[in-house]
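The sequence and structure come first.

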Amino acid sequence: MSTKQGIVLLLLAASIAVLTAFAHLSCIFLGPQCFETQMAPVSVIESAKAGTLLAPLGTIVVSAIFIVFGCYALSGATLIRRLPLLSFGIYAIAAACIIRGILPIQLWMRQPHKVTNTVLIVGVVWLLVGLCYLFGYKAVNGKRV
């Protein structure tokens, strides 16, 4: 895989991470139904309905994490300055995304009635994002996969 292909994979991963952050942030403005649609935990949905701080503050924290994920992808693609612990960060993010993707897939294979189509699709997307981090970073750094 070429360096350019690696950069494209990391740009794709960064785009999905940042879009996910904005999707989460939209819930603050769109209200409890948005939290429900995005399958937020019941406590967050109840917080949004009650107007307490758990929902907006939790959403901001989660969104910030996704923004950091995006920044690490951009740094790995050498499009922004090198971030601290870049290799560790990229591999940790890749692992988290791959695990996040595999969990619903394996549950669907064992007990398909417990997994909705939406959950399965989201799992596949995060699996692919994790692979984009992994293979993209390895391609940019010229490492064998």
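Beyond its neighbours within four places in sequence, V129 is in contact with A13, I16 and C97, contact meaning heavy atoms within 4.5 Å. G101 is 28 residues from V129 along the chain, and their C-alpha atoms are separated by 8.7 Å.

The model is predicted: local features need pLDDT of at least 70 and side-chain atom pairs count only at pLDDT 80 or more, while totals for chains, interfaces and linings use all residues. Residues are numbered from 1 along each chain as its sequence is written, and side-chain values use heavy atoms, with hydrogens and water left out.

## Helix α5

Helix α5 covers residues 86-110, 25 residues in total. At 1.5 Å a residue it should span 36 Å, and its end C-alpha atoms are 36 Å apart, which agrees; the expected span is 1.5 Å times one less than the number of residues.

The buried residues of α5 are L86, G89, I90, I93, A94, C97, I98, G101, P104 and I105. They pack against α4 (54-76) and α6 (117-140). An α-helix has 3.6 residues a turn, so residues three or four places apart point the same way.

## Aromatic pairs

There are three aromatic pairs in the structure. Rings of Phe, Tyr and Trp (its six-membered ring) pair if their centres lie within 6.5 Å; planes under 30 degrees apart count as stacked, over 60 as edge-to-face and the rest as tilted. Y91 and Y137 have ring centres 5.6 Å apart and planes at 85°, so this pair is edge-to-face. It joins distant parts of the chain, with Y91 in helix α5 and Y137 in helix α6, 46 residues apart.

Y91 is partly exposed at 27% relative accessibility, whereas Y137 is buried at 1%. Ring pairs also link F66, F69 and W126 into a cluster.

## Largest pocket

Helix α4 gives the most to the lining of the largest pocket, six residues. Helices α1 (3-30), α2 (32-37), α4 and α6 each supply at least two.

Methods. Helix = DSSP H or I, 4+ residues; strand = E, 2+ residues; numbered from the N terminus. Buried < 20%, exposed > 50% of the residue type's maximum accessible area, 1.4 Å probe, protein only.
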